[in-house]
Amino acid sequence: MERIEILGVPVDICPEENLETEILELLIKPGTKQIVFLSVWGLLKARRKNSFSECVKEADLILPISKSILKGASFLKRKIPVRYNPFTAIINVLSILDSHYKTFYILGGKKKSLQKAYGNVRKTFPNLQIVGRYVGYYPKNQEDDIIQAIYKASPSLVLLSEGVKERDTWIFNRRNRFSSSMFIYYRDAIGIFSDQVRRVKESTFNAGREIWSEIFKNPFKIFLIFPYLYFKILLVWHRILKK
């Protein structure tokens, strides 16, 4: 695996055929490990000085999910990373864990959707031991109990989803309170597992048109055109500076 930088933000080049090796190496690595799915909007956010920026820099695996990041790498004459569909990547990671009889913890979603997601994951990955689950949108006074439960269970993977307010930075800000687990945040994971959120078609994702489904759900996301244009301007500016 190779790590490059795009506009000063780290991005990993991890071919799909190497994913299993990378995951297994992360599992034996001590301490808290984090996999980050990086969108173009996340890349822009990570350029600023904030906790998300530190989270990305410290992440063990940074997988790009936006086609614009690949185009940006090409424009800046960098090696082009491999783009991952977040939910497909999660399925692949769970399959790896299932084949090695590992453990799993789910955090997020509402009670009904979490219960259904739990059942579907158990059916799909029979060798994967689910050692715990807890809903998102939890009261602040319950957080210590959740962290303690994860610490004691020490699962191979903790999947965070809808209802975890701090998203990726929830993991980063509490990384010293866990034993030796790998963490992934993906907002729609439990919704898709529970059949309450429609999964983006692979053909749509491969064409880079998944943003239109997001805009259909939330028309205000049309204004993402402005940070996208800013991203393009930054690429041109960095190309000029390089010359």
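**Exercise 1.** Which residues line the second largest pocket?

*Solution.* A word on the model: it is predicted, so local features need pLDDT of at least 70, side-chain atom pairs count only at pLDDT 80 or more, and totals for chains, interfaces and linings use all residues. Residues are numbered from 1 along each chain as its sequence is written, and side-chain values use heavy atoms, leaving out hydrogens and water.

Step 1: find the pocket (on a 1 Å grid over the protein atoms alone, an open set of points where a 1.4 Å probe fits, with protein on both sides within 12 Å along at least five of seven lines; lining residues have an atom within 4 Å of a point).

Step 2: list the lining, which is Thr-32, Lys-33, Gln-34, Cys-55, Glu-58, Ala-59, Asp-60, Ile-171, Phe-172, Arg-175, Asn-176 and Phe-178.

Step 3: sort by class (Ala, Val, Leu, Ile, Met, Phe, Trp, Tyr, Cys and Pro are nonpolar, Asp, Glu, Lys and Arg charged, the others, Gly among them, polar). The lining has five nonpolar, three polar and four charged residues.

**Exercise 2.** Describe how helix H4 crosses helix H12.

*Solution.* Step 1: the axes of H4 (residues 67-75) and H12 (residues 225-242) come within 10 Å and cross at roughly 15°. H4 is therefore roughly parallel to H12 (the term covers angles under 35 degrees).

Step 2: name the contact (heavy atoms within 4.5 Å). Ser-68, Gly-72 and Phe-75 of H4 touch Tyr-228, Phe-231, Leu-235, Val-236 and Arg-239 of H12. These residues comprise five nonpolar, two polar and one charged.

**Exercise 3.** Find the partners where H1 packs on H5.

*Solution.* Step 1: H1 (residues 19-28) and H5 (residues 86-99) pack at about 65°, their axes 10 Å apart.

Step 2: Leu-19, Glu-20, Ile-23, Leu-24 and Leu-27 in H1 meet Asn-92, Val-93, Ile-96, Leu-97 and Ser-99 in H5.

Methods. Axes fitted to C-alpha atoms, helices over the stretch in contact; angles between N-to-C directions. Helix = DSSP H or I, 4+ residues; strand = E, 2+ residues; numbered from the N terminus. Parallel < 35°, antiparallel > 145°, perpendicular 65-115°, else oblique.
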